[in-house]
Amino acid sequence: MDPSVSKKVDKIEFGLMSPKFIKEMASAKIVTPELYDKEGYPVDGGLMDVRLGVIDPGLKCKTCGCKLKECPGHFGYIELARPVIHIKFVNVILDLLRCICRGCGNILIPNDKIRKHGAELEKIGQEFGVDEQRKKIKEIIAALKTITKCPHCKEKQMKIRIEKPTTFLEDEKRLSPIEVRSRLERIKREHLPFFGINPKSAQPEWMVLTVLPIPPVTMRPSITLETGERSEDDLTHKLGDIVRINQRLFENINAGAPEIIIEDLWDLLQYHITTFFDNAVAQLPPARHRSGQPLKTITARIKSKEGRIRHNLAGKRTNFSARTVISPDPMLNINEVGVPLVMAMKLTVPERITEWNIEYLKEFVKRGSKEYPGANYIIRPDGRRKKITDETKEQLLEELQPGFIVERHLMDGDISVFNRQPSLHRMSMMCHRVKVLPGLTLRLNPAVCAPYNADFDGDEMNLHIPQTEEARSEAEILMEVQTQLISPRYGLSIIGCNQDAITGNYILTKYLDLPREEAVDLLVAAGVEDFSKLPNKHVVSGKEIFAVLLPNDFNFRGYARHYKEGVDDPDAIVEIKDGKLITGVLDKNNLGHGSGLLLRNLHKQYGAARMVDMLGKIYRLGIEVLLRHGFTMTISDIDLKPEVQEEVKRLLEEADNDVNRMIQEYHEGTLELLPGRDLRETLELRILERLNKTRNDTGELVAKNADKDSHTLIMIDSGAKGNLLNLAQMSACVGQQALRGGRIRRGYEDRTLSCFKKGDLGAASRGFIKHGFKNGLEPYELFFMAMTGRDSLMDTALRTPKSGYLYRRLANAMQDFKVEYDFTVRDAGKRIVQFAYGEDGVDVSKSEGGKINVGHIIRTT
Amino acid sequence: MKRELIEFKDKLPPKLLEDLERELLDKASGSKIKKIAEKIHAEYRGSLAEPGEAVGLVTAESIGEPGTQMTLNTFHFAGVSEMNVTTGLPRLIEILDARKVISTNMMEIYLKKPYSQGKDIRQIAEGLKETRFKEYIKEININVAETKMRIELDDKKLKDRGMTSTKIARILKKSLKGFDVRIDKDNSIRIKTSGEEALNMIYRLKEKIKDIYVNGVKGITQVLPVKREEEYVIVTAGSNLKDVLKLDFIDAQRTTTNNINEIEKLFGIEAVREAIVREIIKVLKDQGINIDVRHILLVADAMTMSGKVLGVSRYGIVKEKPSVLARASFETPIRHVINASMVGEIDELNSVIENVMINQPVPLGTGLPGLITKIKEEKGAKKKK
């Protein structure tokens, strides 16, 4: 490969192929429908002619002399006995026929008006596209009333109609493709631009085929079945039909067969060529295999998600990648990925031998492919790959010299790109450092679950190893985890502590006082080695332990989750002065992802690399605390005191009474109407409102009486997992099940379930669940629950493809908008979208929540 | 503006200057202000999006990714439990598609001072509602023998809407030309038909008059006065901004509709851009999704940059792309290729997807800059690296 070529393809021009071009391009003329002779060798002039390329190993292409996989294939052609209309151009042909004179071929606009309308048409063509332009030209002609008589030669014009798919009728008399073609030929070249046709790239008569190009065999390879039988590609089948009918048509014409037979064959030829291009034309029966399944012809090959464009051209496949189940390992750094040894011995990194590393690389070759860390292949400067095996090892070792490339096993510290589908944002593909580990799963620090949206219930992820120096440095500089900390969506950290790590740090900073020895032990486990910050006391507080992780000059002020304005609670205000945690407990607000203000500030002040390091330590510290402290959740956390149970019961009874009273008022018609609603709707809304209030009341009651030091509450308070609603649903009352924005009303006639009376509008019969999960639900309550559960399941199932399509459309529409060197945002055609990105030019991922923190700068200056 | 800040007027965006002035108060001295401003300027320069940054794709990701988190539940209460409005993903799709007809039209009508205080707010609101004749009808009696129809009116309703039977009769007369419309003494209306098919006519007429438009603003089907902070706002279902703005008691500056198409017709493209931004923000806020405005601005700009509203679809933005392959890779590839071949289009390979297709670096980010070096030929050495 010549490295000086930076861009090989400069532009692609589109156009129609003229018959002459097709013949020039072709390397063989196809004359027989037979494929192989008796020996199984391709027939000359057949569809598998060796001049069209090779698909069998060992054979050489007669045109270019290349072997299989080297020969790109060559086109052939057949001479059609009679012209045939190209199905994809029928609409254009119809438009053209209708707009030109049947006698002289002139456009049906008088000469003196042609210039004026020409300019008009051109403008429309540029603004709305070709389709609109053709529509407009018809309108002009209709408006000029020349549609019945040619303004040039005064010839009377007939009405031209199309009988789909490919038959043109003039005044109910059939126009043969020959006639169509000769009319199209008569159109003046200078008139073509009015129809949006560029005479340089397309002539209308080429839309009627006289010569059909035969695609190369490489495009339609046959496969050999186990039985030794050959199975041909769908296209070959179709082409065989075309050639056969074409030959018969030739023979019949030459033999002077009656017109009707020729017409029939001609129509048949038209059918075969039409289905060759598109086998899903509405008016035609699709051509089928003997088994009855429709043939996949050219249109079907290109179209849709599985077609050539989206599947093969826009979608690429890659080598040097791996995929397996993931599992968590908090002892890894955040920017590391644990790679199983077996993978590391299959995935390789190419290293070029120089004078300086030859000895180092020889060691790898010496160890070979079966010993880690070894090497699997060497690549000679001429590009030949050699596998390293026990037999070849000695010889290869001698051969090695600068310029060779050794593909050595993956080792600790190598660059890799880690990905989880669906890759919805750029943080779904990040660069991690390899850490080779025993075991069979890929491992990652649970703190990076959030950007990947990964969990460990069987998720699989992909690993890619960049193979060139450029790719590696790009991955490292642009994609490594620490460069992706701040989401470009909202400018806050998307990586942060979660679950246990939050709980651990919460407990540490809120409750714990530890003997110095234990504190040191804890910090060592978290990966800290410098204890100079730990106060020299026998007992140190959790806040002091946490502060060891912070830089000495760090100042920060933030609020914990339970901060309420006006309430004096030192724990609610997180105050860090000179790297010391003065007051406050650390919870999700400051450590979690999405909020993580403490993390955001650390990132701002000390840079990504240090923040990642600190985050790793904070994470491990949290986990180690839980490990030592012990953390669990018990059923008794959910228990309510008897008096609280009574209170809940009373609340529910009250609600029930209120609902019943409302229903009574409804029946009496005394219920006060809500504006714009009828009586029934008013009742539903009022009941819903009342029952929701009850659920909230019980929730508050439970929250008030819950044991603040229970582990369940710690999880809730720290924001690690769960909320008060969950707790209330477990211990007191699940609440109203809503379906389609209201209470449950579907089911039997006038009732939801057969265990209720007809017309019962009460709370219980319409989906209010008054028990808690712990005490268990009534059967009908469970049924209501299942209803809403199913509903939300459906919602998710329907939403995913919808939002996926929206995303695809957005991405497709905006993918080529970029910031130019003059800081304007422009599209691929260099049209300006914005004069400054986001009106101020600020990159969200470099901002703090989309803003530049003026206050902070003022305070620090 | 402070003297020291003037030199930064062109260097910093207005929002930053505003923040700066507010935060500074009056405490800082001149030299300090300058120092601060310089620091902010440096910070601002540092956080600019770099040339080559694929901001469009980042925007698509930022809006597309949380799409999976949105609800599909079409109806939701828009602050008031009585009114249902499309929200969530379906509404977002609707906005981005730039649909001409949207599923739930809605207006927020602000009122001028004396009216907005709540006095007679019900009446004002009801007066906006489009009313057809059938709503005023209490009873219709048809006299078959005389081919006459006697319509009794609903007095209470008339009073509520400030209508009188004379006014109604006048409206009926106007829209029923050629028929004999009269008011009886008891305020009922009498219509007589004549001619050959008089009997048939009268039955047809009975149905016809029910749909005659009487008063209110056409298109507004439901009204609801809502108290917002210190004033009353009328929220309506159905929208007709053009006619509402003609009313003299409304505050035209704040009254809005959620129908983007209507705004385009009335105020033009810049207003549409603003409306798109607002509507998207409304949806996202309702769903509790945090997306930076810059992304929404970029989408809105992309939809409106050509001077007309284009949807994010194959008929809109994608159609306007200069590259054949880019269009073909989205939807309906064959049509695009066929048309391109007739027009003789040339794909210059300037955007992303075509370069992916032909295995070349994409012109974004690190694929953008090219390096030009003069290769010095060493004397005697012919080795090529």
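The model is predicted, with local features needing pLDDT of at least 70 and side-chain atom pairs counting only at pLDDT 80 or more, while totals for chains, interfaces and linings use all residues. Residues are numbered from 1 along each chain as its sequence is written, and chains are lettered from A in the order in which they are written.

**Exercise 1.** Determine which strands stand at the edges of the open four-stranded sheet of chain A, and why one side of each lacks a neighbour.

*Solution.* Begin with the strand order, which is β12-β15-β13-β14 in chain A, with antiparallel pairing (strands being DSSP runs of E of at least two residues, numbered from the N terminus, and pairing requiring at least two bridges found by DSSP). Next, β12 (348-352) and β14 (385-387) of chain A each have a single partner strand and therefore stand at the edges, with one side of each left without a neighbour in the sheet. Finally, consider the partner of β12(A): five bridges join β12(A) to the antiparallel β15 (residues 405-409) of chain A, where A:R352 has A:I405 as its bridge partner.

**Exercise 2.** Describe how chain B meets chain A, by contacts and by strand pairing.

*Solution.* Start with the contacts (C-beta atoms, placed from the backbone, within 7 Å): 93 residues of chain B are in contact with 84 residues of chain A. On the side of chain B that touches chain A, helix α4 (residues 55-64) of chain B gives the most, with 10 residues. Then turn to the strands, where two bridges join β1 (residues 12-13) of chain A to β13 (residues 346-347) of chain B in antiparallel fashion, and A:E13 has B:I346 as its bridge partner.

Definitions and conventions:
Contact = placed C-beta atoms within 7 Å.
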